[in-house]
Amino acid sequence: SQSSFEEKVDAKELLLRKAHLVMSTCDPVKVNQAINGLYASWIAVLAVLKVHFARTVALSMSIAQVLCPGETSDSYDDPPADGVAVSAPPIQGPALVVCEGLKAAMPEEYVRKGWAEVVTRWLVRMVSVSVAWFLARYISAAHSAIRGGHMFARESYGLCKRKGWLKDFPAWFGKDQFTIAGWVVAFLGFAAQFKLGFRAPFPLNLLLFPAQFLESVIQWMV
């Protein structure tokens, strides 16, 4: 059988066989066109998201500037002439404590090469991006909840008005009361998202796992 044959063949030879099968059966022109199409779509998505989340990126740069003054790109020196190394600003602010800790933990050879400063800058950028996206998630959840509550109030009022159900309510009950109900729904929606940690509940988390994973990848690439 196929399984017993594959067990007798080592992994390297099996990989070569599979690669030969793919290379001999696939049309390279069509494969190249498909890859180019996917790449172009990916770049277009990233370009749109970079514009859409420009404020989040600006917030992350502001946080990085607080953690390590001089960390933003506009604080670096002008591009030097060819053959001259780019000089980065020294580590300052709260990030200096982290840098000194890394220097104490690293071997002296790594410290002389400047790895402590480089790792510190990586950590500053990671923390800044994480905090910025954390705050943006709250803002986006509040915005979605408010829009959802407004839609609920508007459509509920329209439905009751079309069906003639408003006649069964007191005379003072009208559009304003539906607006209040919409704000209540918005609050409940935001509270539910907050309780769930802004994640999809079970079993939706299993169905949406590929989309959530792709969202995480795009988040860090943006």
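**A close look at helix 7**

Analyst: Helix 7 is 49 residues long, and its first and last C-alpha atoms are 71 Å apart, close to the 72 Å expected at 1.5 Å a residue. That expected span is simply 1.5 Å times one less than the number of residues. A helix here is a DSSP run of H or I with at least four residues, a strand is a run of E with at least two, and the numbering starts at the N terminus.

Before going further, two notes on the ground rules. This is a predicted model, where local features need pLDDT of at least 70 and side-chain atom pairs count only at pLDDT 80 or more, while totals for chains, interfaces and linings use all residues. Residues are numbered from 1 along each chain as its sequence is written, and side-chain values use heavy atoms, with hydrogens and water left out.

Back to the helix, which covers residues 115–163 and includes arginine 154. Arginine 154 pairs with glutamate 155 in a salt bridge, with 3.3 Å between the closest N and O atoms. For a salt bridge, a side-chain nitrogen of Lys or Arg has to be within 4 Å of a carboxyl oxygen of Asp or Glu. The two side chains also make a polar contact of 3.3 Å, meaning a pair of N or O atoms within 3.5 Å; within protein, one must be able to donate a hydrogen and the other to accept it, and residues adjacent in sequence count only if both atoms are side-chain atoms. Glutamate 155 is partly exposed too, at 44%.

Glutamate 117 links helix 7 to another helix. Its side chain meets that of lysine 103 in a salt bridge, 3.2 Å from N to O. Since glutamate 117 belongs to helix 7 and lysine 103 to helix 5 (residues 95–105), this pair ties together parts that are 14 residues apart in sequence. Both partners are partly exposed: glutamate 117 has a relative accessible area of 24%, and lysine 103 has 27%.

What comes just after helix 7? There you'll find glycine 164, with a positive phi of about 80°.

Now let's step away from that helix. Glutamate 13 is partly exposed at 36%, as is arginine 17 at 42%.

Two serines are worth a visit as well. Serine 60, in helix 4 (residues 54–67), is buried at 10% relative accessible area. Leaving aside residues up to four places away in sequence, serine 60 touches Ser128, Val129 and Ala132, where contact means heavy atoms within 4.5 Å. Serine 41, in helix 3 (residues 28–52), is partly exposed at 44%. A polar atom of the serine 41 side chain lies 2.9 Å from the backbone oxygen of glycine 37.

As for rings, there are 5 aromatic pairs. Rings of Phe, Tyr and Trp (its six-membered ring) pair if their centres lie within 6.5 Å; planes under 30 degrees apart are stacked, over 60 edge-to-face, and the rest tilted. Phe134, Tyr138 and Phe194 are joined into a cluster by such pairs.

How many disulfides are there? The count is 0, given that a disulfide needs two cysteine sulfur atoms within 2.5 Å. The sulfur of cysteine 68 has its closest cysteine sulfur in cysteine 99, at 8.5 Å, so that pair is too far apart for a bond. Cysteine 68 is buried at 1%, and cysteine 160 is buried at 12%.

The protein chain has 10 helices and 0 strands. Of its 222 residues, 19% are buried. Among contacts between residues at least 6 apart in sequence, 63% join residues at least 24 apart.

Notes. Buried < 20%, exposed > 50% of the residue type's maximum accessible area, 1.4 Å probe, protein only.
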